[in-house]
Amino acid sequence: MTCGSCVRSIEQRIGSLNGVMHIKVSLEQKSATVIFDNSKQSPESLAEAIEDMGFESSVPESSSVTPVSTDTHLIPTSDLTPAAQQEAIEKLLQIQGVLDVREAKPLVGLTVTFVPSLTSVQQLRGAVPGASPLEIQTPGSPAQIGLKSSPSDTAVDRAAILKLCINGMTCHSCTTTIEGKIGKLKGIEKIKVALESQEATVVYMPYLIAIQTIIDQIAVAGFKATVKSKPHPLLLSPQEIERFVNSQSPKKSSPSETEIFIDTALVLLRVKGMHCCSCVANIQDNISVVPGVSSVEVSLEKEKATICYDPLKIKVTQLQSAIEALPPGQFKTELWEDRCALSAASTSLPPASSATQALQPCFSQPLASVVVIHIEGMTCNSCVQSIESVISQRKGVMSAKVSLVDHQGTFEYDPLLTTPEELRAAIQDIDFDATLPETNSLLPAPDAVCSKSSSALPVLGSEFDSDRHSETPKGHTGDTPSKCFIQVGGMTCASCVSNIERNLKNEPGIYSVLVALMASKAEVRFNPDITDPLKIAECIKELGFTASVMEDYEGSDRNLELVVRGMTCASCVHKIESSLMKEKGIIYASVALATNKAHVKYDSEIIGPRDIIKLIQKLGFEASLVKRDRSASHLDHSKEIRQWRKSFFVSLFFCVPVMGMMIYMMIMDHRMNAAHHHNATVEDLNLYHSSMFLERQLYPGLSIMNLLSFIFCVPVQVIGGRYFYIQAYKALKHKSANMDVLIVLATTIAFSYSLVILIVAMAERAKINPITFFDTPPMLFVFISLGRWLEQIAKSKTSEALSKLMSLQATEATVVTLGSDNSILSEEQVDVELVQRGDVVKVVPGGKFPVDGRVVEGHSMSDESLITGEAMPVTKKPGSSVIAGSINQNGSLLVSATHVGMDTTLSQIVKLVEEAQTSKAPIQQYADKISGYFVPFIVGISVLTLIAWIVIGFLDFTLVENIFP
């Protein structure tokens, strides 16, 4: 056996074998204690069954099979119907420790054979409503007289109430886990877990489930539970109290007052040989069923057992022998130095009184004081246990109780042996920040023994309920902590962060502070009755930083987009949405059947993405994260660079001949004008042009130059201008106009006009070649595509640093579940976006840190050069902070996540770079504003020009001929 999982596997497998009534496995002792039926099992068969599970087991030679005494009780069932009696038999057979249930003849009741060390008469009574047990003395069984109850007494049918203290809860997800796991157990009627007080109230059926089973199941969920207030073994009605008193005293009591005389003694024993909580449970469970013992309380840290017993039925030496006889047989007992007894304690219990009077102790407690120390740096339950174990071992410390939620520890100590300052220094030595509040006073410790002794008295059910509802958790005033976010400016390094956190924590009413350097943000939990966000911001300003309250900041609200498979109709959509909205922490849920996607808004303080995915999977659907682009493809401009390069070279290839012909015609015109600039007429110019090679007509109205220009212009218009036309179409589709629209408009009009005028000239068989503009589109597309190509190259250079930053992010994380001793119980490989705050992540040598956090366990060196620029590796030990994206070098580390997702340092750096690239200077913003009106303005001017020339042409066409001969 290596861990608690092995223990539970053996207990579940062997406990289900036929003939096995009870099994208790000890990991520390490497042993198992089994109560079984000799006729169905043997030690050898049990050892073989354990070996079949993959464990090595053997029966020790010194160990012998010890007979277990059994009792037989008759439970009257004359008032029950046959169906009810059969149901009662089934209930009795389900109780642990019941060997056999038979119907007595004639139909008097049920004969139950059971093991007294595993169950009690009270549990048997609880399985049969309205029945009172009458014990039949059998050979070999000790004779006992069962309590007789009136037909109206159905108190045992009611569920018992149990209060537990649960350590290790950090968020509402923990409470939901415990409530869901324990609430499904058979015999649990109701459970309510309070995160603030770290307590659980359980309503359960004692005859179906034991207290230890509830505690073990909570431990399986990963939390440590201890009993705060046990249910009283017997609830007496006023009539039963009066009958009990009459049987004890010959004097008849007055109708207004009834006295109960309880002769009780209290003994304190030092118990050596205990190693773990299993030993504590072993002693408490076995000694509490010894006749004459009222209550047993065992402390593992103090090696002390407090036993309340009846000296007329059992002696102290017998108690010591009983403890020493318990398996594994290594317990040693001796009397405590401050032992004294409660004897002849008398309590008056009026039937109409509102409370039961407590026994007054006849002994004095040692001098004790209590100090509350504020502790920072704790990230998980392992930190809590580490502080409690170290401080409780110090000389003079009687008890240590640390709260992870409140960030404080309550310590009971002897002021003659130690001081609060020494305790604070001891906490500092184990790498936690500890401070003593200025208003802290040394209060006398409560008399724990007195409260434990008084709990042995019978108490009415109504009084127990009133105590349960009126009890206030220690350290809490009932106020719910509030949370605010402060925008902090002026921070330059981690020292600034530490300075703000340290000083704010010393302010009254502030519970916790979490400052993010890159986000320039502080998350503060505070008591709204003592302080408010404006005062907190003023405190930060006094430290030399700028601070403002973020009113509309969503804080811990997160958005999650999931792909949901398996939905077939609108009923599936409604089922998922309604189930999600019922869960704590989910603010909004929307599911689309057509796209198979779900959009969920949730509070990351209460629930996480993994919890949401599991909830959907429990409904019978498959859910997974929408795959996000982690390759930074939106920063990759290679596609745009290729397309504009292609456009440029195509346009250039066909533009060069067109430009060559245009230059040739310009040179020839210049020569002709230079030679005949005095006497050249229009006819002479036309004759000269017709004699040129390019101006020769292949067909009336179609010259060689116009034909070649058309041939070279078409590929440019179709291939080179393709991307311009696409962008212009998209802009017009959204009712906007950009530069692409203007370019397409100019080239299209030039090409269309030239083509139309050429066709008209050919149709009219014109002798003079028309003037065309086929050279305009190639030249425009060449220069503009060149500019676009250079622009995309520049963009790729500026985005290269950002894409390298994003490539540093890890894609997956190994989330582990830790035991009480920091041992890894399970590992799970999850997407980095599914890591939640408070998760413990395992980082192996050479791996990247997926999130920001604090080291819980392990020592290593971290390469943070890609993030901070620091060339030398940084040492990491428990309590050290780690940065997402940095590389773990030579040791495996367990890291508790403090910043996840978009809150990590690396994500904040990426966000800042993106914002820097998208932000614009004021002059650039003004230029962009003008460009929005530029295109409509140019188009408007062009239309007005066209209209003006049309009007002029209608009024005086000769004017047009003179200007354009």
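I opened on helix α2, where E44 and D52 are exposed on one side. A reminder to myself before going on: this is a predicted model.

Which residues of α2 (residues 43–52) are buried? I found L46, A47, A49 and I50. Looking down the axis of α2, I see these buried residues fall within an arc of 160 degrees, so they line one face of the helix.

Next I looked up what lies over the buried residues of α2. The cover includes α1 (4–15), β1 (20–26) and β2 (31–36). Following the chain out of α2, I came to G54, which has a positive phi near 100 degrees.

**Positive phi away from glycine**

I placed Q198 in the loop between β8 (188–194) and β9 (199–204). Is Q198 buried or exposed? It is buried, because its relative accessible area is 11% and the cut-off for buried is under 20%.

R765 is another non-glycine residue with a positive phi near 55 degrees. I found R765 in the loop between α22 and α23 (776–807).

**The open sheet**

I then traced a sheet of 4 strands. It is open, runs in the order β23-β24-β22-β25, and its pairing is antiparallel. Which strands are at the edges? They are β23 (510–516) and β25 (546–549), each pairing on one side only. I noted that neighbouring strands in this sheet are turned by 25 degrees against each other on average, ignoring direction.

Inside the sheet I checked β22 (residues 482–489) against β24 (residues 521–526): they run antiparallel and are joined by 6 bridges. K483 faces R525 of β24 across this pairing. Helix α15 (residues 533–542) packs on the sheet and touches β22, β23, β24 and β25. The direction of α15 makes about 30 degrees with that of β22.

Between β24 and α15 there is a loop, and T531 lies in it. I count T531 as buried because its relative accessible area is 9%, against a cut-off of under 20%. What does T531 touch, leaving aside neighbours within four places in sequence? I listed P508, G509, I510, F526 and I536.

**A hairpin**

Strands β27 (residues 586–592) and β28 (residues 597–603) pair in the antiparallel sense, over 6 bridges. V591 stands opposite A598 of β28. This hairpin has 4 residues between its strands, and N596 takes a positive phi near 55 degrees there.

**Two helices crossing**

Last, I went to α20 (residues 704–720) and α22 (residues 739–764). They pack at an angle of about 145 degrees, with axes 12 Å apart. The crossing is left-handed. On the α20 side I found N706, F710, C713, V714 and Q717 making the contact, and on the α22 side T747, T748, F751, L755 and L758. How many charged residues take part? There are none: the contact of α20 with α22 has 6 nonpolar and 4 polar residues.

Terms used. Residues are numbered from 1 along each chain as its sequence is written. This is a predicted model: local features need pLDDT of at least 70, side-chain atom pairs count only at pLDDT 80 or more; totals for chains, interfaces and linings use all residues. Side-chain values use heavy atoms; hydrogens and water are left out. Axes are lines fitted to C-alpha atoms, for helices over the stretch in contact, and angles run from 0 to 180 degrees between N-to-C directions. A crossing is left-handed if the near helix is turned anticlockwise from the far one by less than a right angle, and right-handed if clockwise. Contact means heavy atoms within 4.5 Å. Ala, Val, Leu, Ile, Met, Phe, Trp, Tyr, Cys and Pro count as nonpolar, Asp, Glu, Lys and Arg as charged, and the others, Gly among them, as polar. Two strands pair if DSSP finds at least two bridges between them. Buried means under 20% relative accessible area, exposed over 50%, partly exposed in between (1.4 Å probe, protein chains only). The arc is that of the directions from the helix axis to the C-beta atoms.
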